[in-house]
Amino acid sequence: MSRGVWTMCWCTACILLLAGCSGWQSALDPKGPAANELAWLIWFFTALCTVVWLLVMAVLIVPLARRPAPVGDPLVLDAAAERSKMRIVVAALAATALILVGLTLLSYFANRTLAAIGSDAALTIRVTGHQWWWEVRYENDQPNRILTTANEIHIPAGEPVRLVVTSTDVIHSFWVPNLSGKLDVIPGHENVLDLKADKPGVYRGQCAEFCGAQHANMSTFIIAEPRPVFDAWLNDQLRPAAAPVSAEAKTGHDLFLKRPCVMCHKIGGTIAGGTVAPNLTHIASRQTLAAGTLTMSRGNLAAWIANPQGIKPGAHMPVVRLDGDELNAIVAYLEGLK
Amino acid sequence: MKQRPVADLSKLPTFGIGPRSPTWWGTLAFMALEGTGFALAAGTYLYLAYLSPKWPLGVPPPNHWPGTIVTLLLLASVVPNHILNRYAEACAMVPVRIGLIVMSLLGIAPLVVRWFEFPALNIYWDTNAYGSMLWVLLGLHTTHLITDVGDTMVLTVLMFTRHGYSGRRFGDVGDNVFYWDFVVATWIPIYLLIYWMPRLD
Amino acid sequence: MSSARERRLAGEGAAAGKGDLAPERDGPRDTSLDDSSLDRWLARTWQTAPGIIGALSSVDHKIVARRYLITAFAFLCLGGLSAVAMRIQLSGPERGLIGPDRYNQLFTMHGVTMMFLFAVPIVQATGIYLVPLMVGTRNIAFPRLNAFSFWIYLSGGLFAWVSFALDMAPDVGWFSYVPLSGPEFGPGKRSDVWAQMITYTEVSSLAVAVATIVTVLKQRAPGMSLDKIPLYVWAMLVTSFVIVFAMPAVMITSTFLILDRLVGTHIFNPAEGGDVLLFQHLFWFFGHPEVYIIFLPATGMVSSIITAFARRPVFGYLGMVLALIAVGFLSFGLWVHHMFATGLPKLGASFFTASSMLIAIPNGLQIFCWLATLWDGRPIIRTPLLFVFGFFFTFVAGGLTGVMLASVPLDLQVHDTYFVVAHFHYVLIGGSVFPLLGATYFWFPKITGRMMSERLGRWHFWLAFLGFNAAFFPMHIVGLWGMPRRVYTYPVELGWGNINLFITAGAVILFLSFVLFTINLVYSASRGAPAGDNPWNAGTLEWATSSPPPSYNFARIPVVTHAEPLWAERDTLPVATGLRVDARELVISTVAEAHPDVREKSATPSIWPLFAALAVGATFLYSIFSPWAVVWGAGPIAITLIGWFWPKGDPEDEE
Ligand code: HEA
Ligand code: HEA
Ligand code: CUA
Ligand SMILES: [Cu+2]
């Protein structure tokens, strides 16, 4: 027995050391008030449970250290010893009950703290889950200031924002662990998640409810920026797409509108008005492609358009037949859509 | 291990009726699990009704008359059912045979009326969730009705053969009575749910 | 023995000597037979006939249980191998070994196989074998129903794995949430396979549950009043009740799903007044009790093993029984803790935090009582007990992470991550598979008459224990680092590569331990040391008969005077006499006191349960393709059932 215990301790120690290098998408590295509260809760529960576990193991190991008793009549028991054991068991049970009441209250109050975080949110963002990308819409009273984009959510740092999440196909779950717990994205339901990032930074999130073939490649990024930067970004994004400058890009623009791309994608300021796929009006201003599957670069854009099914098998973007020049032209055009 | 006889069971009877027989307990267990199924189906109906702002989704309520007739028939059948039970306990062959024939007919009669219940729902199963649930509830109960009537008829035939003169068979008749009560009892809440719930408010 | 007691045992009610009954026939009784002619008589009456028809007609609970055990073990291998395949794919970032489509089928088949084709059947099968022996009767109640359940289970399992071989296995997880599994987003037949496979396995486990309940309530040996029932039997009784009230929920769920998919109902369709969360409520109303269906029998095994090795009755028998019942009840009040992230109203969710925490109290009580039993028992450590220690080590850890998950806010961070995967493997493997492995070493001698190798057993334990913890402990951490479950790959830059490699290495060690176990099973079955009737000097009735037990279990029905009958009666076993030996007679007793009440005949072997299972199975299978299957199948099913129940003129049928 003890051999096993030592091996376990050693393994555990190694692993805990490794735990230091977590970060980008981790519940243990909080970057906002909600995640902070939750990380604290996780550590508290873990510590308490470890103590309980160690106590149980200690009581288990003691009788093993003793020598086996001579074989006697198994039905002859020492009444006094049984009574004192009974008292100990009852005490342990009472202690368990007490701990559990404490933990329940703790969860309840943590829940209240979480609920209070975004009650004064000024910005409402509607996030719609699709197989397998996120549609992001910044709500506004003025229709011309409503912005639709995809996969990357810019927010002002230090301010609470309200996310209204829903889905048009299957159930997804919105989760950015460094900022907050997850919330399911359910067709027919509208759920509300309030978020706040304390500092500027990029926080990775990932769909957490199994949603089909490409559930693994359905990430999102929350990009928290100082308020002025955020406002500038928003104004930029509200503008229609940049007109193509080079000849190649112009060809690309025409091709895009002639090929099936136009049926699914929208590019503001052109006749491309599809809504079943990510809005590409400012595609080149994003850091990643296809919900975090690829980093943004000319090469990756070309790779994606040439063969989306090779990169994200099952994704709802078909392989559109293009020859090399056509592909280059379209990429040149999209690359200009900052 | 060496054995030491301490009890003589040779005088025990070779069959028991009601709770003395394992079959009765088996029947009870099946009623418990089917009852859970009924309760969950009814719960589903209520859950959807509660969620929906305008239940029954803008459909006229069903015509309750066929359902009401079935209800009356089922309630009426309880009386001969229990008379049959009395005779089964007394192991009286002729009245048991008559009783089983009566119960077979009283099982078929509601089935015939049930045929008219489905069109009286005024909606199809694939129109909307309300329609689906009506058909599910009615279908669930109809399955039980059909299987129990089938069971009664097979038992009736059996009691007309030489195999009938056995304590176990009379016990089976008793269990059949018991199960029929269950079929009747489960109908009442379903009847209220299907026909009267949409008429509320 | 006093004559007053004898009279009481002989039962209060005499035969109803009235009405149109055939005159009571009689045959030879066991009263005056000597041991060897008694054995000859009983063997002739109870033995399964030789030949293939005989084998297919068998209703002997031990034979059916053995088939169940072997089949469930085969499914464990399949489920385990699919896990190994997944682990190899996950051993490094962006591995291309297994594509998303295959991976999704793999984890679904892994979960479905482990839960429905391995864990539940194997605990029930153990019960089918042990419960009749432990309560001192000659066969399970409703033996034909029991045989039927096996055929249904076998066809359900084959059906699922054949569809996997044909690349049409379900691919939406073991709980198959709509709308992903619904008509719109789940094209093809994959989700139908899931739904009907559920229906098969539920039918079979409900049948076994009913048979178990009636066996325990009505067939206990004379004198085994409620306070003398072995804890393992209590555990199986409570489990069977949980099955009776939980399994209908999943049958309703899968039926609704198949209706939505095949005939166009809208029960789960939000566009037409249905609701997608309804599916989750219905599923988890079953799904949570399901995990205790897997766990409670294991606690019974732990009680048996600890009692035998600590060489004293278990501490706090009454508390243990109440704890089992409490867990059974409470398990129906926790289902929402699987849905904390769905955005339910906060107050309602908090209620389910409280109820989930509450269930730790009866579970804790069981742990404390076992510890108290072991405390001054000074046990001798053999392989079964090693696995019980492995159980404590792992299950308590898994239970405590369960308590963490029960907290609504905390769960929002770890729900659907590898933290949850770690939790449930700790409780499933630590809480159920380890006790099962211990139970194998413990009862193998009874089933085969041979001991398992202790040397291989110890190697097996240490490999399994270390491999298990190496594979699953790091999952807690990688879950907190943000790794969601059910992903077929993950990007390099998240830094989960090394830890996943470590996990895979652990899984391989765990796999090797199972290979060793298989070798030990095969080797010991033919070469193991002969065991004798009672190799562990344990106290319950299954050890009173030979190893392996004869077809009729006990030459004479034991009379029980103590919760550990063989410890109370060291030299001779008190027995009852007076049963017929030319017909399958056994004793029906009263529910609470277990007074002998009726000499009932147990059903004879029959091929009809197999035919009925074929008819039912074919109907389910065909229903995937057409709803008319129900209509076409009704005739054959009715015919086979009539064949099953129609008396054939044996003495067993006629009285
Ligand atoms: C054998 C199976 C088994 C068992 C016994 C348990 C036991 C428990 N489980 Fe577990 N659970 C599963 C199998 C099991 N679970 C599975 C399969 C899933 C995932 C399904 C899926 O999503 O695929 C799951 C998921 C699951 C969730 C949902 C997580 C999520 O998806 O986000 C939750 C949340 O509350 C939970 C809680 C609990 C609790 C509170 C217990 C309690 O019963 C534990 C009680 C035991 C102890 C606490 C230890 C002993 C007690 C003491 C030593 C006393 C001292 C203790 C204290 C002072 C605290 N479980
Ligand atoms: C009792 C239930 C049970 C058991 C025993 C196991 C056992 C194992 N599980 Fe299982 N697991 C589940 C129930 C179980 N699991 C469930 C319910 C899910 C959720 C599914 C879902 O999300 O829908 C899951 C999910 C799950 C995942 C998550 C997948 C994902 O989300 O993407 C992983 C990943 O590592 C995993 C790994 C393992 C491993 C390595 C084992 C190992 O312990 C396996 C060990 C066994 C073997 C290796 C087999 C032994 C082989 C033999 C005996 C044959 C050898 C003989 C010869 C060669 C002669 N499991
Ligand atoms: Cu979207 Cu998983
Ligand atoms: Cu649960």
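Between domain 1 of chain C and domain 2 of chain C, 4 residue pairs are in polar contact, both residues at pLDDT 80 or more, where a polar contact is a pair of N or O atoms within 3.5 Å, one able to donate a hydrogen and the other to accept it, with residues adjacent in sequence counting only if both atoms are side-chain atoms. This is a predicted model, in which local features need pLDDT of at least 70, side-chain atom pairs count only at pLDDT 80 or more, and totals for chains, interfaces and linings use all residues. Residues are numbered from 1 along each chain as its sequence is written, chains are lettered from A in the order in which they are written, and side-chain values use heavy atoms, leaving out hydrogens and water.

**Elements and residue classes**
- Helix H6 (143–165) and helix H7 (190–218) of chain C, helices being DSSP runs of H or I with at least four residues, are the elements that each give two or more residues to the side of domain 1 of chain C that touches domain 2 of chain C.
- The largest share of that side, 7 residues, comes from H6(C).

**Buried area**
- The two domains of chain C bury about 1500 Å² between them, 77% of it on carbon and sulfur atoms, buried area being the accessible area (1.4 Å probe) that two parts lose on being put together, summed over both.
- In domain 1 of chain C, the residues that lose the most area to domain 2 of chain C are C:Arg144, C:Phe148 and C:Tyr200, together 36% of what that side buries.
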